[in-house]
Amino acid sequence: MIDQPTIDRILDVANIVDVVSEFVTLRKRGVNYVGLCPFHSDKSPSFYVSPSKNICKCFACGEGGTAVHFIMKHEQLSYFDALRFLAKKYNIEIQDRELTDKEKQVRSDRESMFIVNSWAQKYFTSLLYEHVEGKTVGLRYFAERGFREDIIRKFQLGYSLDERDALYKAAIKNGYKKEYLEKNGLIILYDNGGAHDRFRGRVIFPVHSLSGKVVAFGGRVLKKDDKTAKYVNSPESEIYHKSNELYGIYFAKQAIVKQDKCFLVEGYTDVISMHQAGVENVVASSGTALTQGQIRLIHRFTSNITVLYDGDAAGIKAALRGIDLLLEDGMNIKVVLLPDGEDPDSFARKHNASQFAEFIKQNETDFIRFKTKLLLDDAGTDPIKRSSLISDIIKTVAIIPDNIARSVYIRECSAMMEIDERVLLNEINKIRLKKEENRAKPSLKPSNFSNKVAEPSSDYPTNPEYQDYQLYQETAETALPENIPPPPEEDYPAENNGATHVPPMELPPQRTTSKRSPYEPYELALLRYVVRYGEYELFNYKDEATGEPVIFHVADYIRFDLKRDDLSFCTPLFKTILDEAADRCKEKSFVASRYFLSHPDPNISRLAANLISDKYQLSKYHTKYRELESESDKLDQFVLRDLFAMKDAYVLHQIKEIQIKIKEAQTNGDMEQAVELIKQLTRLNEIKNVLSKELGERIVLKM
């Protein structure tokens, strides 16, 4: 874990323009910089970088944040790995916690194995270009496959000499230890102490991890020998687990995010040829069935996968088993069957990117339909085979987690297989029920129930930051709490610099039918002040009763004013931010914007970046002759206005609820209850009138 002082140093040094400009071409526009967004297909510059705030933001897709967020998204790293990336860039030493001797040894071994693999890759590549055998055998093979030199260098392809221990001798000569050569599978040791190279006489395909480190190698033999395996791969090791790696993921990750789609192929050359054709969002399972680890790796970047098959029926049926795992993980799967005699490698070499994309568009088929048709054709009219087919399809549809998608597939499969939809539905329900029973825990928690809440008026607020939050919602789920308990009784000062106190009110009932609170726009308007100005002093006065000084900062006043009316933010993430700011705002070193931008919770830090970012700023021309008032100069007005607006939304809801109850009581002839409800309604209307005056609304009385 990286300590906070080190994180602060990294954030202080990391210049957002410097970091972003390594990946995006920027040009100055006023006080900001602008360029094409690297996270979506951007035709006109919409990616803004603010040097003054040290943040970036795309006003088309919503991505952005600090330098750390940019690196997290662009390089697909975790929060702490992104910090390490920046620390390395700016030569900042990171002091992690003290490791045990065993942990130190494990780390040392892993680092040594990576170093050895890195050397081996450079060794193989140098042989390909500098050794006579490498040029005449290895380079010639790649040229015959149609690979350009820039593609060969991009994928760091190489060649291993057809000698028993050439790599072993070179490694020992360069000071690398035998034990790490063996652990990485580069050599095979004999009992007598001798060794021979695993990949001798083969062209080499390095396998890169998500971060670009070489974790393994694949080697293809060039001699025609029935006794020799065509491909040899590195064995499992401390740094290489085949089930967790995908060939080409390092080179494809950015394109996958940008296109929101991943092409899945079988082998090394399929990936390389497609890259050369201009299709970069492609990975290979290296000839094995997909594993959960590989699926999770793809799912980090997209939920959309298109599997490319050649015309080999046996190979297709074998691959179908792995696709079920993708469905179970909630992925959207398409299938493309290439023309007879073609595989992704040969097809990509004959077409450019636009032609390839057009072919995919014309021939892409939903996986369930593809599988059903394939098995139906295979079964023919044989009743036994058709029965087996139906069972197979039912099992596949049953694992789809989305209810709507599953219903659609049931209907389509029913039509294709000419079976009553209810029969399929019953069988699928049996499978799912059995699965749920197996998963069931010994103790079941009682369900919580809550009533539906009415939507507040949409007239207020019109804060543009709410649109930013809509984009944020796609990556961070902010479900309503089941219940908001009343706050504990505390002694709060009664005076607040003349601000009108609204009588306490009940919290409206919560709803379970939607994950979003209807009061988000009102909460977000207040949260914007918390993140931008949380530590600013809002009120400073003496209590008339005690004579004691009372100081309120923006964050603690917002929480105080809501609590005294038994109110709270309904959105859990917003409440967390408000509570943290209110608890810390009196600390001298606390700066809300800095604190939340560097927050270890990426959901909080990303939302903070959205709330702080401004697309437009006034030019020097407008401020040359006179000083304009800033938002911070009128915080006492703005904060109170938005607090009243939020309370107004709550009161409006309660008025609507009571009006409905009055009608029900009158219909049922319960006049006593109707009278009591009318009293409550009168009281709420009084509160509403007070709030309306504070908000500057006109109150129109019926004559």
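Is the crossing of α17 and α18 left-handed or right-handed? In this predicted model, the crossing of these two helices is right-handed. Two packed helices are described by the angle between their axes and the distance between the axes. For helix α17 (residues 383–398) and helix α18 (residues 403–417), the axes come within 10 Å and cross at roughly 165°. Because angles over 145 degrees count as roughly antiparallel, α17 is roughly antiparallel to α18. On the α17 side, the contact is made by Arg-386, Ile-390, Ile-393, Val-397 and Ala-398, and on the α18 side by Arg-406, Tyr-409, Ile-410, Cys-413 and Met-417. By class, 8 of these residues are nonpolar, none is polar and 2 are charged.

The axes of helix α21 (residues 520–533) and helix α27 (residues 635–667) come within 8 Å, crossing at roughly 155°, which makes α21 roughly antiparallel to α27. Here the crossing is left-handed. Among the contact residues are Tyr-522, Leu-526 and Tyr-529 of α21, together with Leu-635, Phe-638 and Met-646 of α27. The contact of α21 with α27 comprises 13 nonpolar, no polar and 3 charged residues.

Attention now turns to the nonpolar cores. The largest has 61 residues, of which Tyr-123, Phe-142, Leu-157, Leu-167, Leu-186, Tyr-247 and Met-274 touch the most other members. Helix α5 (residues 101–130) supplies the largest share of this core, 10 residues. Beyond its neighbours within four places in sequence, Leu-157 is in contact with residues including Thr-125, Phe-142, Pro-206 and Tyr-247. Another core, of 49 residues, lies apart from it and includes Ala-555, Phe-569, Leu-635 and Ala-649.

Definitions and conventions
Residues numbered from 1 in each chain as written. Predicted model: local features only at pLDDT ≥ 70, side-chain atom pairs only at ≥ 80, totals over all residues. Heavy atoms only, no water. Axes fitted to C-alpha atoms, helices over the stretch in contact; angles between N-to-C directions. Helix = DSSP H or I, 4+ residues; strand = E, 2+ residues; numbered from the N terminus. Parallel < 35°, antiparallel > 145°, perpendicular 65-115°, else oblique. Left-handed = near helix turned anticlockwise from the far one by under 90°. Contact = heavy atoms within 4.5 Å. Nonpolar A, V, L, I, M, F, W, Y, C, P; charged D, E, K, R; others polar. Core = buried A, V, L, I, M, F, W, Y, C linked by side-chain atoms within 4.5 Å. Buried < 20%, exposed > 50% of the residue type's maximum accessible area, 1.4 Å probe, protein only.
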